[in-house]
Amino acid sequence: QVSAALREGGVSPTELCQRCLSLIKSTKFLNAYITVAEETALKQAEESEKRYRSGQPLGVLDGIPVAVKDNFNTAGIETTCASNMLKGYISPYNATVVQKLLDQGAVLLGKTNLDEFAMGSGSTDGVFGPVRNPWSYSRQYKEKSVSKSHSEDEESNWVITGGSSGGSAAAVSSFTCFAALGSDTGGSTRNPAAHCGVVGLKPTYGLISRHGLIPLVNSMDVPGILTRCVDDAAVVLGLLAGHDPKDSTTIQDDFKPFELPNLPDVSKLSIGIPKEYQAPGLSSEILGLWSKAADLFKNAGAKVIEVSLPHTCYSIVCYHVLCTAEVASNMARFDGLEYGHRSDMNKSTESMYAATRREGFNDVVRGRILSGNYFLLKQNYENYFIKAQKVRRLIANDFLKVFRSGIDILLTPTTLSDPVPYTEFIKEDNRTRSAQDDILTQAVNLAGLPAINVPTALSERGLPVGLQFIGRSFQEKQLLTVAKWFEKQVKFPIIQLEEVKSHVQDVFQHRKSASFS
Amino acid sequence: VLNRRCVEAAVMTGLALNCSINKKSLFDRKHYFYADLPAGYQITQQRVPIAVNGTLSYSLYIDNKMSQMVTKTVRIKQIQLEQDSGKSLHDDTRSQTLVDLNRAGVGLMEVVMEPDMCCGEEAAAAVRELQLILQTLGSSQAVMAEGQLRVDANVSVHHPGEPYGVRTEVKNINSIRFLAKAVDYEIERQIEELENGGTILNETRAFDSKLGCTVPMRDKEGKQDYRFMPEPNLPPLILYDTKSLPANINHQQVVNIDWIHERLPDLPSVKRAKLVELYGILPEHSFTLVNEDGLTEFFENVVNQTQMKPKKVIGWILKDLLGYLKQHSLTVKESPVSSVLLADLLNLLENKHLPSLLILIFQVLAELWKGEGKSPLEIVKEKKLELIQDQKELEQICQEVIDGQENE
């Protein structure tokens, strides 16, 4: 819709950009952005305006403000991965997906906050501090929360965004941008999407280029798309997907961008409900929503069948072994010699390496590197790494079997509960939290399948809860069609934030909901 | 992203060395920390390399007189593709190391031979043959001095009938000559060590070309665990042959082994055989012709421009021309006497314009070496060499000419 507004001249790209920038400033307390590229963004907006005036916009995304997670390389703009190791590092090139957005005329507002090197499920462990969930300040939450004392409220009750792409999710949720890029290795796009009430799409592995995305786990990472509605996600997907000669893991087949039907029909579909996803710790609220959702589909004529993914219980450990092993390998390049932080220690190369890496990485990263190297030792390789690969194959096969038996889409919860207050979250360490929170999302990464979080309803505490749809490899069209249908059914409410209200009114004048397609 | 040209070069080399080409080969990461390894790991092929089980045949002279040749073979264990690291330059005066990363990431092809050679001479001959093959294929220019071909020698000694001894690895060998020296020195050193009751350590040693010996290198930590892991960014490398090539494939995306096989140029051994057959020269002759860069071409050019029989021409080429070049450390390309001029001279000989007094021929040759562009006939006429028998007079005249030239 905002794209239409741009085309019709109802609002200009520079105006739009300026408003978003000022909204970013007024929502600074969310800590969603690490770097705001004000100058370049305004320049891009101006360029876009010229194009609109001459009637030649580059496409739907021309002039649309977007944000990018700070683990994507952006030429000329600091890329830190929320780590001391890369503080002050200015990338010399754009990640392929960033380049694609810019080529379409998108206006890059800035880089969003994350857990350090994308390791975590809360967006709380980056060096720039935790990201605050915009819903913490929403009327919906405030109305429902039991206030002990007025001052305590805002400061101690704010809830987390989830992670690791928390900054991107918060940015989209608070209306400071219309779409954001995240990354998803174990659920890092879907988890914060659920907690922030936005759409989070994890595409099939190999569909979107990883070139320029600072790798966590090469065999599981994918760029993730965060938007306010499913149609927007489809648009962005259409612009980003496709083979990249710079990424040998992207598939060669041509990708055809698609549009979603306005009135999707789900009556001919088979929806699978995997019983193992009724995980320990799953809140009864979410269980209830999941069940209601299943009923929605049943009532629309779809077949809803309980299925089994028997190896789900092993996915956490399998993920841990493979993830830490690849992390140990991928982090080996940060030695302080060529780029990034370099310690002052200069007694010997080795001591410089050690000091640099100790200073540059936080506990979480160091912990994973140590574990990963342990698993890769010759004496352990067979028992850990190879075994984990075999288990991974079993988990992937579980999905294949289910899909082959006629199921089209799987429906599961995305998170175990609604977003928790920060003070509660930090009571457990990162590893424990990740192990708990990733359980519903990371089997999907092990199998490389596409999945999407669709915001479903508000919890009793007034906070967002989402549900997850998992599709067949490369069947994003079907996946998004189902997601769109579901989105229309549940009519998830808009966040009611003071700062946002006036912003939305200014931008949209007479429109009610805000999306850009 | 995999470099297509590297894959093709590896397949060509594998075929030339009679290897089995693995239709599916894999890439791995080999992890270690070193300043010249920017990623902290090297991409290599540890599990399944691109080619295995080949042979390399090479010839060498039985004795120093270059009279008889013998053919030997060395088995090729495997050929693997890997990445180059950067270059470390150690500045001991300032206690620092400078790292040049320009070549980091460039593709390398490693050829691993089995321990079938018994001395420096054999090693040198084998590597020389490999060098010729690589140059013929175009896989590499294989100039050792420029690091295009790097050789590490693994040496061990044992009594006949006993199992192989502990081996040491010798690095920093910059030429084929040094290779022979290094190997021989190391053999001597190990024998001496063992005869004195010592043991050989499984270590890495560097060849010091100035002193002509090997010295232990900085401690490369006996047992390093490289924590091999499959390279997740490079899918398995699949090669096709005409049988297995899928129908709708994009030809830009695949490498067809059979296609490469058909286009292999003549290998050195084939070239030599052809020369022997075509010109009736001895195998030893053709060996030298092929061994010297550009000499075959020179020889063939002379043969084509003279009436002298190839069997006679070869003598002039190998003894006189090559002898002079070696004496003055010149390559064939740098020869002041072109094939045209030499052909002219030989024609004079054949047509009996010159008495076949060798001494006169040498005088003319000496003139030609000056590279002043005069033809042999001109020189002969100038010097009135047909008539003058007196060497001293000739020398005098020549000297006058030389002096005269210098004043120009």
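1. Conventions. The model is predicted, so local features need pLDDT of at least 70 and side-chain atom pairs count only at pLDDT 80 or more, while totals for chains, interfaces and linings use all residues. Residues are numbered from 1 along each chain as its sequence is written, chains are lettered from A and ligands numbered from 1 in the order in which they are written, and side-chain values use heavy atoms, with hydrogens and water left out.

2. Helix pair in chain B. Helices here are DSSP runs of H or I with at least four residues, and strands are runs of E with at least two, numbered from the N terminus. Helix α7 (residues 295–305) and helix α9 (residues 339–350) of chain B pack at about 45°, and their axes are 8 Å apart. Axes are lines fitted to C-alpha atoms, for helices over the stretch in contact, with angles from 0 to 180 degrees between N-to-C directions. The pair α7(B) and α9(B) is therefore oblique (under 35 degrees is roughly parallel, over 145 roughly antiparallel, 65 to 115 roughly perpendicular, the rest oblique).

3. Residues between these helices. On α7(B) the contact (heavy atoms within 4.5 Å) involves B:Phe298, B:Asn301, B:Val302 and B:Gln305; on α9(B) it involves B:Ser339, B:Val340, B:Leu342, B:Ala343, B:Leu346 and B:Asn347.

4. A:Thr356. This residue belongs to helix α12 (residues 349–360) of chain A. A:Thr356 counts as buried because its relative accessibility is 0% (buried is under 20% relative accessible area, exposed over 50%, partly exposed in between, with a 1.4 Å probe and protein chains only). Beyond neighbours within four places in sequence, A:Thr356 touches A:Met85, A:Asp335, A:Gly336, A:His341, A:Arg342 and A:Ser343.

5. A:Ser121. The loop between β3 (107–112) and α5 (139–144) of chain A holds A:Ser121, which is buried at a relative accessible area of 3%. A:Pro192 is 71 residues from A:Ser121 in sequence, yet their C-alpha atoms are 8.0 Å apart. Contacts of A:Ser121 outside four places in sequence include A:Asp115, A:Gly162, A:Asn191, A:Phe425 and A:Arg433.

6. Cysteines. Over all chains there are zero disulfides (a disulfide is a pair of cysteine sulfur atoms within 2.5 Å). For B:Cys19, the closest cysteine sulfur is in B:Cys6 at 17 Å, too far for a bond. B:Cys118 is also in no disulfide, with the nearest cysteine sulfur, that of B:Cys119, 3.8 Å away. B:Cys19 counts as buried at 10% relative accessibility, whereas B:Cys118 counts as exposed at 52%.
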